[in-house]
Amino acid sequence: MALSRLLLLCMVASELWDAEPKPIEFVCNKGARRAINIVAELESALSECYGSTTPSTLVQLPCTELHVASWENKSDQEKRGDIVASLRLLVESVKVFKAQSQPGCAALLLQRLENNINNYLLILTPLQLSGPAVSPGLSCVPRSTQSLSTVLLNYKQLISGKLERFVINLEDRCNSN
């Protein structure tokens, strides 16, 4: 009886050891990508926050415009670097907004947004890519805003534009994993 329990424990432990999230699963599972994208929920929540979402400080926004020809000419490392730098700029902007917000609706929304951006960073940063490593860098000069709705729109464009195109380009790796 004790031996069978030990065997069962070893089997469960070996399965759990392999349960760590893998960035390639994000690439290969469109449902997982849809599930992590909570921008629509945040936009809906923002509409219920009644006037508490306009901070007094300007924050910077990354470029989200996607010029397909120039994007396709970048290496996977450069694309990821652009996206990671954009996400980091957005998370810093959210932190500025959060520092100015009063507890309540806007503060909760900003915390959810910050957590969501950080989730994308946790997925993209360790993603194994071929080619030489590239330091994250923005593809253009950031613009400024005081509007949380503009930050959400910018985030939505980044996720549905550059990030989705980047991930679709990596889907050929799904068959080999």
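How many aromatic pairs does a search of the whole structure find? The search finds two, where rings of Phe, Tyr and Trp (its six-membered ring) pair if their centres lie within 6.5 Å, with planes under 30 degrees apart counted as stacked, over 60 as edge-to-face and the rest as tilted. The structure is a predicted model, in which local features need pLDDT of at least 70 and side-chain atom pairs count only at pLDDT 80 or more, while totals for chains, interfaces and linings use all residues. Residues are numbered from 1 along each chain as its sequence is written, and side-chain values use heavy atoms, with hydrogens and water left out.

Phenylalanine 26 belongs to helix α2 (residues 23-28) and tyrosine 120 to helix α7 (residues 105-124), so that the pair links distant parts of the chain, 94 residues apart; helices are DSSP runs of H or I with at least four residues, numbered from the N terminus. The rings of tyrosine 120 and tyrosine 155 likewise form an edge-to-face pair, with centres 6.2 Å apart and planes at 80°. Tyrosine 155 lies in helix α8 (residues 148-170), and its pairing with tyrosine 120 of α7 therefore ties together parts that are 35 residues apart in sequence.

Phe26, Tyr120 and Tyr155 form one aromatic cluster. Phenylalanine 26 is buried, meaning under 20% relative accessible area (1.4 Å probe, protein chains only); tyrosine 120 counts as buried at 1% relative accessibility, and tyrosine 155 at 0%.

Technical notes. Helix = DSSP H or I, 4+ residues; strand = E, 2+ residues; numbered from the N terminus. Buried < 20%, exposed > 50% of the residue type's maximum accessible area, 1.4 Å probe, protein only.
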